[in-house]
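Hello,

Here is the structure I promised to pass on to you. Have a look at it first, and then read on for my notes.

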Amino acid sequence: MDYVRFGATGLKVSRLCLGCMTYGVPERGNHPWTLGEPASRPLIRQAIEAGINFFDTANVYSDGTSEEIVGRALKDFASRDDVVIATKVHGRMRPGPNGAGLSRRAILAEIDNSLRRLGTDYVDLYQIHRWDPHTPIEETLEALHDVVKAGKARYIGASSMYAWQFSKAIYTSRLHGWTQFASMQDHVNLLNREEEREMLPLCAAEGIAVMPWSPLARGRLTRPWHAGSAREESDTFGKTLYRDTEASDRVVVEQVHAIAQARGVPPAQVALAWLSQKREITSPIIGASKPHHIEDAVAALSLGLTAEEIAALEAPYVPHAPVGF
């Protein structure tokens with residue numbers, strides 16, 4: 001496993017980040033496809049043994065149980081100083097007008113709740129899960145700054161917003177001398193490349209680490225076009241991201257599979273290799289519900305695609321509407 005600088009910071013992270021939305025109590029929240037604790041722990045341990053030191057979860061995943069499972073596993077399988085723990089805030093955690101969002105009240109309450117569930121005194125990366133149009137960005141940024149100064153987070157990050165919004169947050173932080181964002185967690189894969197237009201160049205120019213979510217397009221890049229999955233059937237959010245009517249998407253998937261067959265590797269390796277070779281990308285966030293998911297992700301890091309293969313993967317793409325915000 002190789003380790004890279006996390007944007008402009010001095011932090012070193014593995015070139016893969018294990019996304020932990022897969023791990024949580026299935027009966028909690030709106031992810032019935034998640035794995036409970038007994039099935040989750042071996043995969044987290046496998047990731048650690050593969051050299052992955054970067055783990056991403058969120059307070060809202062499975063109603064907080066993802067943080068609990070991940071926290072206990074990391075405590076048992078690794079030293080706290082050897083892992084980089086990231087979590088997120090924004091989603092609804094309780095009923096009522098103040099049960100979600102990025103107000104000062106929400107941020108200061110939810111960081112403590114996340115730390116309690118994770119069983120740690122601090123997180124390495126505290127991220128805003130989405131943009132909150134109902135809270136002034138100044139209020140959010142000052143609260144995040146106070147979280148860092150209190151020692152409860154080492155760095156702050158953002159996720160899934162328009163480039164103009166992220167730019168506004170960056171210059172507002174600088175204007176006030178507050179802690180600046182170190183990372184952007186956004187939606188980048190072969191079926192949705194809209195971030196290449198503005199967000200990725202902005203991150204490159206500002207020294208922002210990029211950790212894409214859904215690098216395999218919810219598994220669509222890894223299986224034949226019309227093949228489904230148990231998760232797809234119940235993944236309400238996933239249904240808003242990709243449509244079977246996109247003819248160009250089908251051609252992209254077919255190209256992934258053709259190159260994979262010619263190389264003698266699984267399609268997942270080709271799709272991840274394409275993403276990993278992009279200079280703006282720091283650590284794709286991989287999901288793993290089976291051991292081979294981690295094995296394929298690690299192998300993809302050493303699968304060098306040729307310029308001709310990259311061109312073949314990219315040629316069928318057509319502009320898409322922004323999704324995932």
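Which residues of helix 10 are buried? They are Pro267, Ala268, Gln269, Val270, Ala271, Leu272, Ala273, Trp274, Leu275 and Ser276. Please keep in mind that this is a predicted model, and everything below is computed from it.

Now the chain as a whole. The protein chain has 12 helices and 10 strands. Its radius of gyration is 19 Å, close to the 20 Å that the globule rule gives for 325 residues, so the chain is as compact as a globular protein of that length. Along the principal axes, the C-alpha atoms fill a box of roughly 55 × 45 × 40 Å. Of the 325 residues, 57% count as buried. If you look at contacts with a separation of 6 or more, residues 24 or more positions apart account for 78% of them.

Eight strands form an open sheet with parallel pairing, in the order 9-8-7-6-5-4-3-10. At its edges are strand 9 (209-210) and strand 10 (285-286), each of which pairs on one side only. In general, strands of a sheet pair through backbone hydrogen bonds, either parallel or antiparallel.

- Strand 5 (residues 84-89) runs parallel to strand 6 (residues 123-128), and four bridges join them. Alanine 86 stands opposite leucine 125 in strand 6, while threonine 87 stands opposite tyrosine 126.
- Strand 7 (residues 153-159) pairs with strand 8 in the parallel sense, over four bridges. Here serine 159 has glutamine 185 of strand 8 as its bridge partner.

How much of these strands is covered? Strand 6 is mostly covered, with six of its six residues buried. In strand 8 (residues 181-185), five of the five residues are buried, so this strand is largely enclosed by the rest of the structure.

Finally, one residue that I looked at individually. Alanine 163 lies in helix 5 (residues 163-176). Is alanine 163 buried or exposed? Its relative accessible area is 15%, and because buried means under 20%, alanine 163 counts as buried. Leaving aside neighbours within four places in sequence, alanine 163 is in contact with Glu198, Met199 and Leu202. Valine 89 is 74 residues from alanine 163 along the chain, and the C-alpha atoms of the two are separated by 20 Å.

That is what I have for now; over to you, and happy browsing!

Best wishes

Terms used: Residues numbered from 1 in each chain as written. Predicted model: local features only at pLDDT ≥ 70, side-chain atom pairs only at ≥ 80, totals over all residues. Heavy atoms only, no water. Pairing = 2+ DSSP bridges. Helix = DSSP H or I, 4+ residues; strand = E, 2+ residues; numbered from the N terminus. Buried < 20%, exposed > 50% of the residue type's maximum accessible area, 1.4 Å probe, protein only. Contact = heavy atoms within 4.5 Å. Rg over C-alpha atoms; globule rule 2.2 N^0.38 Å.
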